[in-house]
Amino acid sequence: MVTQQVVAPPARAGMFLVLTVDDGSEDVVRDLLGDLSDLVKAVSFRNTRDDLNLVVGIGADVWGRLFGELPRPRQLHPFEALEGPRHVAPATPGDLLLHLRARSMDQCFELARQVATRLEGHAVVVDETHGFKYFDERDLLGFVDGTASPRGADGDAVVLIGDEDPAYAGGSYVVVQKYLHDLAAWDAISVEEQERVIGRTKLDDIELPDSVKPSNSHVVVNTIVDEEGVEHDIVRDNLPFGEIGAGEYGTYFIGYAADVGIIELMLRRMFIGEPPGNTDRILDFSTAVTGSLFFVPSLAFLDDPPDPVDATPAPTAPVSPAPSAGSGDLGIGSLRRSPG
Ligand code: HEM
């Protein structure tokens, strides 16, 4: 079981590409999936210190088109849009996700270009976001983002599917959402108030004491503790993006988990509220404009994608007399003993 490298140190540069696959281009896409490791090798070898990393996700709508009746990963389904009392999380199209990370943008860009060349005329890039490291891992709201996200072996334990779905062990799930910030409204409130929105101090990134951390702060809303007192984490690797001339300032949210239900629970708590109405205050300054969910196959699956499985039942053979000894027929369908 060789896994795609989901858990990685914070990147200095990142690209998020969401694509839809054209009808009739499934063979091209399957071939490309199988070649991605070689493409990563070719691009990254030109500067091995840049730690180029690609994670690929496959959406629910294209699964059957690519793999026929091959059973789906148990939790693969389309992203569910949410409509809360104040905020909306839209669901937007996406058959493939490419999450590219490196120490420099040239590596991400070159790999994306090589992939795009292979997909020309076969897929459409429906969203492309170039993210960058902003000072000490800050988002454009000015807060350090990613602190509580598990790293190393803890991160692997959170993201990797295990015995709960043995056919897809070593895979994962990923949810992406692109958020745009209202920085004018954000800058109009005091730093103390901003800290109550997030639940951590701005300069030092220290979690506020429970006594002052509001129940609608981003940290409290996204802290999931079950009845047994066990906390459920996800692995995040958000990056800021923006375009000065367009006045666009955003955060690209990307969350990985072996149990995608944890991410979905976080989203319900943010947009609907728990109890209903207690929505995440970060949303008063952030609008979700995309939303998609993908299965992240293991590297073994990706390197050798299965051919589509045919659901059409094989024509029933006419009932034949029981095989007589020495006929060569094993009596199990079309299998025959090899001569000699
Ligand atoms: C924590 C920013 C969206 C889940 C944080 C923190 C910041 C932040 C600054 C505190 C530091 C840290 O631990 O990383 C943002 C921004 C978002 C965003 C700017 C987009 C507008 C989301 C979404 C989810 C999420 C959509 C889940 C679906 C979490 C979790 C934590 C966290 C689980 C850690 C909570 C804990 O302390 O245990 N986020 N986030 N975030 N965020 Fe977000």
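1. **The cis proline.** Pro-275 sits in the loop between α8 (260–271) and β13 (286–288). The peptide bond that runs from Glu-274 to Pro-275 is cis, with omega near 0 degrees. Helices and strands here are DSSP runs numbered from the N terminus, with helices being H or I of at least four residues and strands E of at least two.

2. **Basis of the model.** The model is predicted, so local features need pLDDT of at least 70 and side-chain atom pairs count only at pLDDT 80 or more, while totals for chains, interfaces and linings use all residues. Residues are numbered from 1 along each chain as its sequence is written, and side-chain values use heavy atoms, with hydrogens and water left out.

3. **Overall build.** The protein chain has nine helices and 14 strands. Its C-alpha atoms fill a box of roughly 90 × 50 × 35 Å along the principal axes. Of the 340 residues in the protein chain, 47% are buried. Buried means under 20% relative accessible area, exposed means over 50%, and partly exposed lies in between (1.4 Å probe, protein chains only). Among contacts in the protein chain with a separation of 6 or more, 77% are between residues 24 or more positions apart. A contact means heavy atoms within 4.5 Å.

4. His-218 is the only protein donor of the iron atom of the ligand. The donor atom is NE2, at 2.0 Å. Donors are N, O and S atoms within 2.8 Å of the metal (3.2 Å for Na, K and Ca); water is not among the atoms, so sites may look incomplete. His-218 belongs to helix α7 (residues 218–221).

5. The rule asks for a side-chain nitrogen of Lys or Arg within 4 Å of a carboxyl oxygen of Asp or Glu. One of them pairs Glu-26 with Arg-65, with the closest N and O atoms 2.8 Å apart. Glu-26 lies in helix α1 (residues 26–44) and Arg-65 in helix α2 (residues 60–67), so this pair ties together parts that are 39 residues apart in sequence. Glu-26 counts as buried, at 13% relative accessibility. Arg-65 is partly exposed, at 28%.

6. Arg-101 and Asp-237 form a salt bridge, with their closest N and O atoms 2.6 Å apart. This pair links distant parts of the chain, 136 residues apart. Arg-101 is in strand β5 (residues 96–102), whereas Asp-237 is in the loop between β10 (235–236) and β11 (239–243). Both Arg-101 and Asp-237 are buried.

7. Asp-136 is partly exposed at 41% relative accessibility, and Arg-138 is buried at 13%. Elsewhere, a network of salt bridges links Arg-200, Asp-205, Glu-207, Asp-210 and Lys-213.

8. **Packing of α1 on α3.** Helix α1 packs with helix α3 (residues 105–119) at an angle of about 150 degrees, and the axes are 10 Å apart. That makes α1 roughly antiparallel to α3. Angles over 145 degrees count as roughly antiparallel, under 35 as roughly parallel, 65 to 115 as roughly perpendicular and the rest as oblique. Axes are lines fitted to C-alpha atoms, for helices over the stretch in contact, and angles run from 0 to 180 degrees between N-to-C directions. The crossing is right-handed, which means that the near helix is turned clockwise from the far one by less than a right angle. Residues of α1 at this meeting include Val-28, Leu-32, Leu-36 and Val-43. Those of α3 include Leu-111, Val-115 and Leu-119.

9. **Positive phi.** Asp-51 has phi near 50 degrees, a positive value in a residue other than glycine. Asp-51 lies in the loop between α1 and β2 (53–59) and is partly exposed, at 45% relative accessibility. Phe-135 also has a positive phi, near 50 degrees. Phe-135 is in the loop between β6 (123–132) and α4 (152–159). Phe-135 is exposed, with a relative accessible area of 61%.

10. **Thr-20.** Thr-20 belongs to strand β1 (residues 13–21). Thr-20 counts as buried, at 18% relative accessibility. Leaving aside neighbours within four places in sequence, Thr-20 is in contact with Pro-93, Gly-94, Asp-95, His-122, Ala-123, Val-124 and Val-126.
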